[in-house]
Amino acid sequence: MKNDGIDSANISALHCIDLSSPDIHTSVSLLKQACLDSGFFYVVNHGISQEFMDEVFAQSKKLFDLPLEEKMKLLRNEKHRGYTPSLDEHLDPDNQINGDYKEGYYIGVEVPEDDPEAQRPFYGSNVWPTAGTLPGWKETMKKYHQEALEVTKAVSRLIALALDLDVDFFDRPEFLGRPIATLRLLHYEGKLSDPSNGIFGAGAHSDYGLITLLATDDVSGLQICKDKDAKPQIWEYVPPLKGAFVVNLGDMLERWSNGVFRSTLHRVLANGQERFSIAYFMEPSHDCLVECLPTCQSKVNPPRYPPIKCETYLLQRYKDTHADRNSYK
């Protein structure tokens, strides 16, 4: 991690889960503690090589290094695939004077246009740079999309055990059989954040899906707030950890677990340095029914939320979060 002048007292000490460990009991115990505390943790030994991760970041940088006019040719389409310029998104409109000082690129589940599933929300064709512009770029990103999917599935099995469910609970076809999985490349150009004046790399928000997998470079910026209702809010940095993913739980899992596991507010503050990160958002299949898990309810703790279909839930959250914008996080 680069020396960013960050006070060590403001750094969050997250649990680190080794996905290759044969000691499943310890892994589940650590993960459960993390999910009860902050909903954020690291995973290491996840099966994706450092060499390949370096290649993904290098290809991401090549995209963002293109002239703006070239990137605008790849502008996000109606299926929310493609390029989003700086200031396009407002994740915390109540506290931001401008949008997020970041640019991004969305890549979703690739479904051919002649497939009936392509007509469903969040599915369809991706927007790809031409091979002449960025040779090998499409192939690298498609491979990473698949490998990241396997990591999130491995994490979901530990989450199932931590919730006293069968290890393969989320592997069922109606859950993660045909998931809504979105890869997002992100580039923070180095605009210095100033929270007191409403300037953020990414405004405060919680992810509204199931699980988010985040790869970062060695520049700090991600912060979490464990208690969103605290006055004032206390923000802690999540330092980059070489070779690790940062994993956080989304609002859907908080809902599914009846509030047992937490989805935590987070944001990005830029310190003047260029920063790259790669987020992977995992949601269940369109028709998955999100209803209180049997292990998370009792007579004294009845279900807090009515059952809802995943597709309906995501569309509602999309509308609430981006009521005046053509965007899906």
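**Close-up 1. Arg184 and its partner Glu89.** Arg184 is buried in this predicted model, because its relative accessible area is 3%. Its side chain meets that of Glu89 in a salt bridge, with 2.9 Å from N to O. Arg184 belongs to strand 5 (residues 180-188) and Glu89 to the loop between strand 3 and strand 4, so the pair ties together parts that are 95 residues apart in sequence. Glu89 counts as buried too, at 3% relative accessibility.

Close-up 2. The side chains of Glu103 and Lys71 meet at 3.0 Å, N to O. This pair links distant parts of the chain, with Glu103 in strand 4 (residues 103-107) and Lys71 in helix 3, 32 residues apart. Both Glu103 and Lys71 are buried. Also worth a look is the salt bridge between Asp100 and Lys102, where N and O are 2.5 Å apart. Asp100 is buried, and Lys102 is buried as well. Elsewhere, salt bridges with shared partners join Glu117, Arg120, Asp287, Lys309 and Glu311 into one network.

**Close-up 3. Helix 2 and its buried side.** Helix 2 runs over residues 50-64, 15 residues in total. From its first C-alpha to its last it reaches 21 Å, close to the 21 Å expected at 1.5 Å a residue. Which residues of helix 2 are buried? They are Phe52, Met53, Val56, Phe57, Gln59, Ser60, Leu63 and Phe64. These residues cover an arc of only 160 degrees around the axis, which puts them on the same side of helix 2. As a reminder, an α-helix has 3.6 residues a turn, so residues three or four places apart point the same way.

**Close-up 4. Helix 4 and the residue just after it.** Helix 4 takes in residues 137-162, which makes 26 residues. At 1.5 Å a residue, helix 4 should span 38 Å, and the 37 Å between its end C-alpha atoms agrees with that. Just after helix 4 comes Asp164, with a positive phi of about 65 degrees.

Close-up 5. Asn45 is a residue other than glycine, yet its phi is positive, near 50 degrees. You will find Asn45 in the loop between strand 2 (40-44) and helix 2, where it counts as partly exposed at 47% relative accessibility. Phe122 is not a glycine either, and its phi is positive at about 70 degrees. Phe122 sits in the loop between strand 4 and helix 4. Is Phe122 buried or exposed? At 7% relative accessibility, Phe122 counts as buried.

Close-up 6. The peptide bond from Lys231 to Pro232 is cis, and its omega is near 0 degrees. Pro232 has its place in the loop between strand 8 (222-225) and strand 9 (236-237).

Close-up 7. How many disulfides does the structure hold? The number is 0. For Cys35, the closest cysteine sulfur is that of Cys296, and at 11 Å it is too far for a bond. Cys35 counts as buried, with 0% relative accessibility. Cys292 is in no disulfide, and its nearest cysteine sulfur, again that of Cys296, is 5.9 Å away. Cys292 is buried, with a relative accessible area of 12%.

**Close-up 8. A nonpolar surface patch around Leu75.** Leu68, Met72 and Leu75 form a nonpolar patch on the surface, and together they have about 260 Å² of accessible area. Leu75 lies in the loop between helix 3 (68-72) and strand 3 (82-84). Leu75 counts as partly exposed, because its relative accessibility is 39%.

Close-up 9. Val290 is in strand 13 (residues 289-290) and counts as buried at 1% relative accessibility. Val290 and Ile308 are 18 residues apart in sequence, and 5.3 Å separates their C-alpha atoms in space. Leu269 is in the loop between strand 11 (265-268) and strand 12 (275-283), and at 10% relative accessibility it counts as buried. Between Leu269 and Cys225 there are 13 Å in space, C-alpha to C-alpha, while in sequence they are 44 residues apart.

Key: Residues numbered from 1 in each chain as written. Predicted model: local features only at pLDDT ≥ 70, side-chain atom pairs only at ≥ 80, totals over all residues. Heavy atoms only, no water. Patch = residues over 30% accessible without salt bridge, like charges linked within 9 Å, V, L, I, M, F, W, Y side chains within 5 Å. Areas by Shrake-Rupley, 256 points an atom, 1.4 Å probe, with all protein chains shown as cover. Salt bridge = Lys/Arg side-chain N within 4 Å of Asp/Glu carboxyl O. Helix = DSSP H or I, 4+ residues; strand = E, 2+ residues; numbered from the N terminus. Buried < 20%, exposed > 50% of the residue type's maximum accessible area, 1.4 Å probe, protein only. Disulfide = S-S within 2.5 Å. Expected span 1.5 Å × (residues − 1). Arc of directions from axis to C-beta.
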